Amino acid sequence: MDGLLVLSPTLILFPLALLTFFLWRFFSAPSSSSKSKNSTTISFSEIVKNGHRFVEWTAELILASPTNTIVLPTSVITGNSKNVEHVLKTNFHNYPKGHNQTSVLADLLGEGIFNADGDHWRLQRKTASLEFNTKTIRSFILGNVHLEVAGRLIPRLARAAADDEVVDLQDLLDRLAFDNVCKVAFDVDPARLAGDDSCDEFFRAFESATAICISRFRQPRLLWRLRRALNLGSERQLKRDVSVIDDFAMRVVRERKARTAEEIRNSSDLLSRFIAEDDDFSDEFLRDIVTSFVLAGRDTTSSAMAWLFWLVSTRPAVEQRILAEIGAVRTRHRNLEGTLTLDELREMDYLHAAVSESLRLYPPVVLQPRRAEADDVLPDGTAVRAGMSVTYNTYAMGRMDGIWGAEWGEFKPERWLDKEGAFRPVSPFRFPVFHAGPRTCLGKEMAYTQMKAVVASVMERFDMEAVDKGREREVEFSMLLRMKGGLVVRVRDRQLQP
C-alpha cells in the first residue's frame, strides 16, 4: 500500500462537517425583521458559551427581558403567557411542530401522535381522545398503578427500611413509570421494578435511541443527517436501537391483531383500543402510536414525582398536611387500609396542589418548540419570520413575578387553593406544563391521578429523608428536566416508628 493514501470515513467526514458548520453559522445570522425593540437578541457565540445550561440560561434571560421574550439566530424563546396563547391557540394553524422538529424524532417515532401534524395528527388525536375519556381506561390505569405500588414499590421500600439501606428513589420511580406505561400502551409488563430483565433489550434500546435523537437537537441538522447517510457513530447505533424497538413493537402489534374481536374489545390498553376502533390501521401506524405513548409516559411522571418527594421531604409542615388529608379522606370513606379509589384521590385537593406546585418549579417538559409557517408578530411585538421556531420555556414561566407573585421561589401549595381549601386551577397559558390549546395533553388528568396514587401510598407508609437534604438539587436537562445525581433517600417505615 506504499504511496497510497487511504481515507477513513472520519477523514472524509471532517471537512464536510466543517463546511456544514460554517454554512449553518452564516445562514443563521439574525435578521433585523426578527427583532423587536423590547426583545432581547442573543448571538450564536452566546449560545455556544451557555449551551451546557441552556434551560437555566434562557430562563434567566427571559426573566430579565422587558417582554419575557428573547430572540436567537433562528428562533424565539418566550415566557410571555400572551405569546403562548397566541402560538398554542389563537394562531394555532400557523405553528405546527414542523419538519425540522419531527424529522429529528422520525426514526424513533415515525408519524406517531406526538410527532405528527395535520390530518395524521387529527386522526390519532380524535381516537386517543375518545379512549382517554372512558371510565374503562381510567380504571385500567389506576389498577395497574396500584398493582405496581403494592406489589413492587412498597415491598422494595420496606426492605430498604428494614436493612437501613439508602435507595435512589428517582431510579425506582423510573422503573415503575416504564412498567406502567408499557402496560397502558400495549399491555406488556416489563417488570423492571421487580428486577426482571426479560424486556431489558427493548428498554436499553429505547433509552439509547431517545438520547441519540435528543442529541440531534443540539447540532446542525445537516451534520447528523450526514452521519446518518454515512452510517457513522451514534447514527449507526440509532439504527441498531430502532431495529430492536421496531421488532419488539411489531411482535406485540401482530400478536394483538391475531386475537379475536371479542378479546380485543375486552382489552383496555391503548393498542387494543386503536385496533378495536379501526382494524384497518396498518401495523406500522400502530407501532408508531405504541412507541409514541411509551416515550411520552416513560420518565415524565417519575421525574415530577422525584422533585415532589424531595420538596416535601425538606418541608415537614407540607408533609404533615398531606398526611392529614390522606387520613381524613380515608376516614370519610371508611377505607382505612385498602387501595385508594379514584373518587378518594379526587378529593385530595391539597395533594393535588402540592403536585401542581412541584410541576410549576420543576416541569418535566421544559421547552416546547413550534415552527412558524408564515411571517407573524407575537402579542408582545416580537416579529417572527416564516421558518423560525417559537418555543415557550415552562421553567422560566414558573419563576415569574407577574404570574406567581414576588414569593414565586417558595414551595407553597396553598397558592393553588381557594378560601375553602378546594383546588383552584390557573390558565393553561400561564401554566403550560401540560401544553394548552388543541394539543393539550390528553393524559393530564390520569397523570395527576397516577402521581397522587403513588405519592399518597408511599407517604402514608414511609418517611423519606433525602441524603444531604440541606443541599439544593441541580437540574439536568436532556429531553426532560431531571434531578442531577438522582434522589438518594433513607427510608423509614412509619408503622414501625414509636
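Leaving aside neighbours within four places in sequence, which residues is His146 in contact with? In this predicted model, the partners of His146 are Gly151, Thr339, Leu340 and Ala453. His146 sits in helix α7, which covers residues 135-162. Is His146 buried or exposed? With a relative accessible area of 13%, His146 is buried, because the cut-off for that label is under 20%.

**The overall fold**

Let's step back to the whole chain. The protein holds 21 helices and 12 strands. Its radius of gyration is 24 Å, close to the 23 Å that the globule rule gives for 498 residues, so the protein is as compact as a globular protein of that length. The C-alpha trace spans about 80 × 55 × 50 Å along the principal axes.

Of the 498 residues, 53% count as buried. Among contacts with a separation of 6 or more, 72% are between residues 24 or more positions apart. The protein exposes about 22,700 Å², and carbon and sulfur atoms supply 53% of that area. As for charge, there are 66 positive and 68 negative side chains, and the centres of the two sets lie 4 Å apart.

In soluble globular proteins, nonpolar side chains tend to be buried together. Here the largest nonpolar core has 95 residues, and Leu157 and Phe309 are the ones that touch the most other members. Setting aside residues up to four places away in sequence, Leu157 touches Val167, Leu169, Leu172, Val458, Phe462, Met464 and Val491. A second, separate core has 50 residues, including Ile245, Phe274, Leu286 and Ile289.

**Residues worth a look**

Which loop holds Asp269? Asp269 lies between α12 (261-265) and α13 (270-277). Asp269 is buried, with a relative accessible area of 0%. Not counting residues up to four places away in sequence, Asp269 touches Phe140, Lys183, Val184, Ala185, Phe186, Asp187 and Arg256.

Val55 belongs to helix α3 and is buried, with a relative accessible area of 1%. Beyond residues up to four places away in sequence, Val55 touches Val366, Leu367, Asn393, Tyr395 and Phe477. Val55 and Glu476 are 421 residues apart in sequence, and their C-alpha atoms are 9.2 Å apart in space.

Asn68 is not a glycine, and its phi is positive, near 60°. Asn68 is found in the loop between α3 (54-64) and β2 (69-71). His435 is likewise not a glycine, and its phi is positive at about 65°. The loop that holds His435 runs between α20 (401-404) and α21 (444-459).

Are these two residues buried or partly exposed? The table lists them with the other residues discussed above.

| Residue | Relative accessible area | Class |
|---|---|---|
| Asp269 | 0% | buried |
| Val55 | 1% | buried |
| His146 | 13% | buried |
| His435 | 18% | buried |
| Asn68 | 21% | partly exposed |

His435, at 18%, counts as buried, whereas Asn68, at 21%, counts as partly exposed. The two labels differ because buried means under 20% relative accessible area.

Note on methods
Residues numbered from 1 in each chain as written. Predicted model: local features only at pLDDT ≥ 70, side-chain atom pairs only at ≥ 80, totals over all residues. Heavy atoms only, no water. Helix = DSSP H or I, 4+ residues; strand = E, 2+ residues; numbered from the N terminus. Rg over C-alpha atoms; globule rule 2.2 N^0.38 Å. Buried < 20%, exposed > 50% of the residue type's maximum accessible area, 1.4 Å probe, protein only. Contact = heavy atoms within 4.5 Å. Areas by Shrake-Rupley, 256 points an atom, 1.4 Å probe, with all protein chains shown as cover. Lys, Arg positive; Asp, Glu negative; His and termini not counted. Charge placed at Lys NZ, Arg CZ, Asp CG, Glu CD. Core = buried A, V, L, I, M, F, W, Y, C linked by side-chain atoms within 4.5 Å.
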